Amino acid sequence: MSHITGDQGKGRQGLRLPTPPGNMNYSRFLTAVSAARRPSAIRILTELQQRSPPSLISLAGGAPNPDTFPFQFATIKVKNGDSIVFDEATMKRALQYSASPGIPELLSWMKGLQKSLHNPPTLAYSPENGQMEMCVTTGSQEGLCKVFEMLVNPGDNVLLDAPTYSGTLAALLPLGCNIINVPSDQHGMIPEALGDILSRWDPADAHAPGSSVPRVLYTIPNGGNPTGASMTARRKQEVYELARKYDFLIIEDDPYYFLQFQKPWAPTFLSMDVDGRIIRTDSFSKILSSGLRIGFVTGPKPLVDRVVLHIQASTMHTSTFTQLMVSQLLQDWGQDGFLRHVDGVVQFYRSQRNAMLSSADRWLKGLAEWHAPAAGMFLWIRLHGIADTKQLIMEKALEKEVLLVPGGVFNIDSSEACPYVRAAFSLSTPQQIDEAFKRLSALIREAAQP
């Protein structure tokens with residue numbers, strides 16, 4: 001740990017009441033880079049033009065003329081027999097620049113979905129007090145990178161439960177922050193452990209200039225990558241109360257929300273966000289398409305607006321073509337049709353998970369240990385008698401023609417010895433999974449021999 005101030009170890013409790021709803025000071029969370037961003041005048045004009053009547057004559061925009069594009073129209077067949085049709089007018093729109101937050105109809109549909117699934121308390125707040133807002137991102141990974149850039153300064157203390165998604169570490173580590181690992185188990189982050197870590201600080205110091213009290217906590221609450229861990233509703237509520245007490249933001253990275261194997265689905269941090277301190281990222285990669293690169297950031301409007309300013313200056317917007325393609329599909333399906341599709345996807349991955357668990361029982365009993373994941377695509381396996389799986393996987397596993405991911409790549413310090421491997425059950429057939437675990441068992445037995 002570095003940069004710790006306040007009464008270390010005393011953990012004085014209850015000196016400051018939690019921030020009342022609608023009274024967040026969002027400016028204190030922004031990095032200097034994010035605070036310095038200003039709206040693009042040309043982007044604003046583009047968005048104004050798209051909301052204007054056809055009679056408007058604009059000489060303002062620098063957009064290319066779509067009549068010069070070689071693509072004319074398209075028909076995309078959907079598995080249920082329906083079609084998504086891009087006529088010439090739609091194709092011209094699909095190939096043109098669009099608004100940085102996302103195309104209006106897709107955002108409107110997604111806001112309706114978020115309201116139905118999570119009913120965030122912040123829906124009724126005023127914009128400046130943290131009203132729920134959304135923007136479309138090029139996959140949730142882009143959203144995460146921009147959120148981190150908005151919130152994390154060099155030297156900041158950032159809380160997360162490790163091991164965690166390697167893409168998160170790739171985005172965070174270069175920012176020069178001090179990552180604090182909060183212990184977790186198969187049910188996700190442990191609130192008591194988080195409370196112990198936070199007790200190093202006085203909650204009253206959270207707003208002091210130069211304070212080192214953490215301002216950001218990051219977690220994957222469902223089917224975590226790589227561990228497959230899912231947080232219980234009670235743990236989320238306890239973590240949220242700690243966030244209120246120490247006034248930090250929670251980044252709820254939830255790409256496996258729609259891949260929960262049991263209903264009812266767990267309540268989300270967003271659903272309990274009375275303050276406007278949750279920034280949530282969602283992804284369509286696991287349920288519609290990973291290659292279309294459609295993700296979403298949901299959170300308090302003052303912060304989502306900052307993410308949009310970064311989008312203006314970098315990608316400008318997510319592909320209009322893929323947004324329109326997904327939007328038309330969702331409009332045709334409606335929420336009920338979308339959720340029926342999700343149920344089918346869940347049924348597939350549940351079957352895949354069960355096949356992997358069955359093969360693990362058959363081949364790895366006594367050689368390894370694991371917990372059945374309640375969501376996601378991964379089984380996190382601790383190998384017995386092997387202190388570090390890196391060499392085993394990167395060298396010897398290839399000789400056995402089986403490949404997994406060594407667990408060390410998901411640790412804050414990837415050079416630390418790690419006895420875990422991550423097995424994905426998303427792509428391989430049950431027969432391939434079974435053969436892979438047969439080969440893995442032979443590998444473990446050989447490696448464990450003196």
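Start by selecting Glu 238, which is partly exposed with a relative accessible area of 26% (buried means under 20% relative accessible area, exposed over 50%, partly exposed in between, with a 1.4 Å probe and protein chains only). The model is predicted, so local features need pLDDT of at least 70 and side-chain atom pairs count only at pLDDT 80 or more, while totals for chains, interfaces and linings use all residues. Residues are numbered from 1 along each chain as its sequence is written, and side-chain values use heavy atoms, with hydrogens and water left out.

Arg 234 is exposed, at a relative accessible area of 65%, and forms a salt bridge with Glu 238, the closest N and O atoms being 3.2 Å apart (a salt bridge is a side-chain nitrogen of Lys or Arg within 4 Å of a carboxyl oxygen of Asp or Glu). Both residues belong to helix α8 (residues 233–246); being 4 residues apart there, they are separated by about one helical turn. Helices (H or I, at least four residues) and strands (E, at least two) are DSSP runs, numbered from the N terminus.

Next, select Lys 301 and Asp 305. They form a salt bridge with closest N and O atoms 3.2 Å apart, and they lie 4 residues apart in helix α9 (residues 301–313), about one helical turn. Lys 301 is partly exposed at 23% relative accessibility, and Asp 305 is partly exposed at 31%.

The structure holds 21 salt bridges.

Now go to Lys 263 and Asp 343, whose side chains meet in a salt bridge of 2.8 Å, N to O. Lys 263 is in the loop between β9 (249–253) and β10 (278–283) and Asp 343 is in helix α10, so the pair ties together parts that are 80 residues apart in sequence. Lys 263 is exposed at 57% relative accessibility; Asp 343 is partly exposed at 33%.

The largest nonpolar core has 92 residues, and Leu 151, Phe 284, Phe 338, Leu 364, Ile 381 and Phe 437 touch the most other members (a nonpolar core is a set of buried Ala, Val, Leu, Ile, Met, Phe, Trp, Tyr and Cys residues joined through side-chain atoms within 4.5 Å). Helix α10 (residues 320–363) gives the largest share of this core, 12 residues.

A second, separate core of 22 residues includes Ile 180, Leu 198, Tyr 240 and Tyr 246.
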